[in-house]
Amino acid sequence: MDHTARLISVCCESDAYSAERCRSLAGQVIYSHGGSVLILPLSYINDHGVDGTTRSNSLSRLLYSIQCGRECSLDGVTYTDSYGVSSLLLSKGRNPVAYLDTDELRTLIFGLSKKCNTIIADSASCFRNENIMLMKESENIVFFERGRRVTGIEEMLGAECEKKLIRIKLTGGTED
C-alpha cells in the first residue's frame, strides 16, 4: 500500500476497551512524535463516533473525492478533540467503514494518509479479511489482551508479521 502516513493497527480480544486504548495510544503518539493522528474505526460498531452526527453520506463523499483525485480538506469530514486526536465525522453505532471492500479501504487509507502523519486503524475484535489485510500492511500491530480469550492472532497474521506484532497484557492497573 502506498501511503505517506505511518499506519498502526490496533486489535483486541474484546471491544469493551479498544476505543479507550486507541485514544491513549494516539495521545502517546502525539506526545512523543507530534504531528496529526487520525483514528479510523474498522469494527461494525463505531465507538469513535460523534453524538448528534447525521452525515450519513460524508464517507461516500470523501471516497468519491479521493477516487477523483480532488484535493479535499479533512475539516468537513473529521472531528479533532482537545488533545489533537482526529476521528471521521460519523455517528456512533453502525459503522459504514466496516462494510468497505479491500479496494475502497485502501483508497480511504491512501487519501487520509496524505492529510495526517499517523493513522491508527482500530479493528477491535473485528477480524474480517479486509482488516487482517490492513494489519499485514501496517508498520505495527498492537494487540491488547487480558488473556481470557484465544484469538489466534499469530495464525491470522502469519509469520511475516511476527516482528510487527506488539502484545500488551492488560492488568487493569495504572501501568496499562
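Modeller: Gladly, and one term comes first: a contact here means heavy atoms within 4.5 Å. In this model, which is predicted, residues 24 or more positions apart account for 78% of the contacts in the protein chain with a separation of 6 or more.

Colleague: How many helices and strands are there, and in what pattern do they follow along the sequence?

Modeller: The protein chain has five helices and nine strands, and read along the sequence they give the pattern β-α-β-β-α-β-β-β-α-β-α-β-α-β.

Colleague: What radius of gyration does the chain have, and what would a compact globule have?

Modeller: The protein chain has a radius of gyration of 15 Å, which agrees with the value near 16 Å that a compact globule of 176 residues would have. Along the principal axes, its C-alpha atoms fill a box of roughly 45 × 35 × 30 Å, and 49% of the 176 residues count as buried.

Colleague: On to the inside, then. Which residues touch the most other members of the largest nonpolar core?

Modeller: That core has 25 residues, and those touching the most other members are Leu40, Leu62, Val97, Leu108 and Leu112. At least two residues of this core come from each of strand E2 (37-41), helix H2 (58-68), helix H3 (102-113), strand E7 (118-124) and helix H4 (129-136). There is also a second, separate core of 16 residues, with Ile8, Ile30, Ile39 and Phe144 among them.

Colleague: And what is leucine 108 in contact with, leaving aside its neighbours in sequence?

Modeller: Once the neighbours within four places are set aside, leucine 108 is in contact with Leu40, Leu59, Leu62, Leu63, Ile66, Val97 and Leu100.

Colleague: You mentioned H4; why is it described as largely enclosed?

Modeller: H4 is largely enclosed by the rest of the structure because six of its eight residues are buried, namely Glu130, Asn131, Ile132, Met133, Leu134 and Met135. These buried residues pack against E1, H3, E7, E8 and helix H5 (153-157).

Colleague: Changing topic, where is the largest pocket, in terms of the residues that lie nearest its centre?

Modeller: Its lining consists of 15 residues, and Ser24, Leu25, Gln28, Phe144 and Ile168 lie nearest the centre. Two or more lining residues are given by each of strand E1 (6-12), helix H1 (18-33), strand E8 (140-145) and strand E9 (165-169), with H1 providing the largest share, seven residues. About 250 Å³ of space lies in this pocket, and its lining divides into seven nonpolar, five polar and three charged residues.

Colleague: Last one: is threonine 171 buried or exposed?

Modeller: Threonine 171 has 52% relative accessibility, and it counts as exposed because the cut-off for that class is over 50%.

Key:
Residues numbered from 1 in each chain as written. Predicted model: local features only at pLDDT ≥ 70, side-chain atom pairs only at ≥ 80, totals over all residues. Heavy atoms only, no water. 1 Å grid on protein atoms, 1.4 Å probe; cavity = no way out; pocket = protein on both sides within 12 Å on 5 of 7 lines; lining within 4 Å. Points joined across faces, edges and corners; volume = space filled by probe spheres on them. Helix = DSSP H or I, 4+ residues; strand = E, 2+ residues; numbered from the N terminus. Nonpolar A, V, L, I, M, F, W, Y, C, P; charged D, E, K, R; others polar. Core = buried A, V, L, I, M, F, W, Y, C linked by side-chain atoms within 4.5 Å. Buried < 20%, exposed > 50% of the residue type's maximum accessible area, 1.4 Å probe, protein only. Rg over C-alpha atoms; globule rule 2.2 N^0.38 Å.
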